[in-house]
Amino acid sequence: MASVSFSNIEKKFGKVKIIHGISFDISDGEFVVLVGPSGCGKSTLLRMLAGLEEITGGEISIDGKVINDLDSKDRDIAMVFQSYALYPHMTVRDNMGFSLKLRKASAEITNKRVGDAASILNLDPLLDRYPRELSGGQRQRVAMGRAIVRDPKVFLFDEPLSNLDAKLRVAMRAEIKALHQRLKTTTVYVTHDQIEAMTMADRIVVMHDGIIEQIGTPLELFDRPGNLFVAQFIGSPSMNVLKGTLRQVEGRAWVESQNHQWPVGTLVRARDGQTVAYGVRPTDMRLSSTGQGIAAKVIVVEPTGAETELLVEVDQTPMVVVMHGRTDAQPDDLVYLEVSAEKSHVFDETSGLRLD
Amino acid sequence: MKKGWSLRKVSIEAQLLLVGIPVVLWTMIPVYHLFLFAISPRDKATSGKLWPENPTLQNFEFVFGQKHFYLNHFWQQLGNSLMIAVATGLITLFVATTAAFAISRLKVRGGRTVMNMALVTYFIPAAFLAVPMYKTMANYGLLNNRWSLILAMVTIASPYCIWVLKQASDKLPWELDEAARIDGASPLQLFWLVYVPLMVPSLVAVGTYALLLAWNEYLYGFLLLSKETDLPLAVALGNFLAADDSPWELLMATGFIYALPPAAIYYAFKRYMVSGLTAGAVKS
């Protein structure tokens, strides 16, 4: 177990700079998820930690020791790849014991460690099979087993669930989380899927275009996104955003967008008349029963059982509303939306920064 | 509807046969002729019959017993052929595998240049290089030494083998190397424990190719070797034609024996030959 520290990390491929000075710390035993759209540099950052990519600038340290110039094998890390990367010509047992074999561990120790890892992951009956004889989920578990056997300081996961089908992904998500709670090994996990990030992470690092947009616990990011990018990236369906003008008159504040007034809380860092982006999550809007609120035309109704998702139009701007339970609303019906001021998010239109 | 479909199938079948039958005849008639000569008595060999009146195995007895002037060193020469072919196969395999591994997996500097140069060698027919090769071997004092032929054949076979193996290597998932590196494998361990086991089909194909190339080589053997006890069988067979009254039936019997090992090897490894030589030909 160990802490990890990134200090002003930069990465260039040729002349193209893709990571622009990233710094953050991961504490001992923490499960940190790097999340962001493709091309944001999250995988590159992980691969630099793994020693698979050279570090152009800055320092990475594990337990306070700078590891920039260490070989992968000397960094005491284990990595799980998206494609599993199991050795096709070795049995599950040999795959899991490969690192110990290279370290010339005795057969006794290897057997014990492989056996322990196999029983944690329920792989005992599969030990003598070859990777080609396993299902996707089983292969992923073997890849995790191979990492566990190493008993490394840090686990690295590079989009490990992306090749699995939706149902299995949910199951494996829980399995990885449970594994972490049991082993308490420091973990860095890369994904583009914000649901994975939200459900698994102790802390999430949101990356975009080679910089960190925000770091925080899942609920911090959800409740108080620091900027427009994070606001729209975290949460599904994503946050409704519309452009408008901020009005602050006599202690009352609202955002004017076309013909409607959207309620906002108190904003100290903003001024009257400022152009802003106004955001509200689909789950933070209700259908008004009193006929008051913002008029919207229903376009599509999508019942999912427990919830109903409505695609509506407000002044020709499409918005999504998610409501618990069911509704009688039909396409082309007129409904009224209620939004509470505390649940609204206001961002500066140019910088995208949160304004409260 | 169904009839039309089957008519179409018949037509395709017929077209294939139209190509296939001439090809089979074209390749098999000389081989049959060879066989016919080999089992005919000396004076009946050119009788023009489809099957000899008195087929005999006496010619083979002559060959195996080395009972003719031209066949005095038959076993020695067969051994030479075998030794040269196997050595060429193994050395080429070593050269090509290590080169492909270094270029494809370790990404050594200059790898592209090596590949381009390997490609350039195809533009020069091997026969053009025969005399320069002769000079080179003379410079190193290797003439009349079986190693000269082995080295020459390795030189000719390697570029193609490097090319094929590089293409096949490129198809191995890159993550395997990364996983092995993280697991603590040195480049040499990566080579032996991960790379070579996964490359076996391609290695068999390439090794067989080099082996057969050397087994069938005539020109270089003829040039570089002259002592009868050093010659491979292919060159010795050519020497049968030195006199006016060549013992055709013995030549054919020896030729028939000479043709059997390649056929056997090809048959044994044909599974690898097809998959191995085409692996990497197209990106799947």
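The model is a predicted one, so everything below is read off computed coordinates.

Let's start with the helices of chain A. Helix α2 (residues 92–102) of chain A packs against helix α3 (residues 107–120) of chain A, with 10 Å between their axes and an angle of about 130°. Angles over 145 degrees would count as roughly antiparallel and those from 65 to 115 as roughly perpendicular, and α2(A) and α3(A) are therefore oblique to each other. Their crossing is right-handed. On the α2(A) side, the contact involves A:R93, A:M96, A:G97, A:L100 and A:K101, while α3(A) brings in A:I109, A:T110, A:R113, A:V114 and A:A117. Sorted by class, the residues of this α2(A)–α3(A) contact come out as 5 nonpolar, 3 charged and 2 polar.

Zooming in on one pair, strand β11 (residues 240–249) of chain A and strand β14 (residues 275–280) of chain A are joined by 6 bridges in the antiparallel sense. Across from A:L242 sits A:Y278 in β14(A).

Now for the contact between the chains. Here 17 residues of chain A touch 14 residues of chain B. On the chain A side, the elements giving two or more residues are β6 (77–80) and α2 of chain A. That α2 of chain A is the helix that also packs against α3(A). The side of chain A that touches chain B is made up of 11 nonpolar, 4 polar and 2 charged residues.

Chain B itself is split by the domain assignment into domain 1 (2–63) and domain 2 (72–278). Taken over C-alpha atoms, the centres of domain 1 and domain 2 of chain B are 31 Å apart. The two do meet: 11 residues of domain 1 of chain B are in contact with 10 residues of domain 2 of chain B. Both α1 (2–38) and α2 (58–64) of chain B supply at least two residues each to the domain 1 side of that contact. By class, the domain 1 side holds 8 nonpolar, 2 polar and 1 charged.

How values were computed: Residues numbered from 1 in each chain as written. Chains lettered and ligands numbered in written order. Predicted model: local features only at pLDDT ≥ 70, side-chain atom pairs only at ≥ 80, totals over all residues. Axes fitted to C-alpha atoms, helices over the stretch in contact; angles between N-to-C directions. Helix = DSSP H or I, 4+ residues; strand = E, 2+ residues; numbered from the N terminus. Parallel < 35°, antiparallel > 145°, perpendicular 65-115°, else oblique. Left-handed = near helix turned anticlockwise from the far one by under 90°. Contact = placed C-beta atoms within 7 Å. Nonpolar A, V, L, I, M, F, W, Y, C, P; charged D, E, K, R; others polar. Domains from an automatic or database assignment. Pairing = 2+ DSSP bridges.
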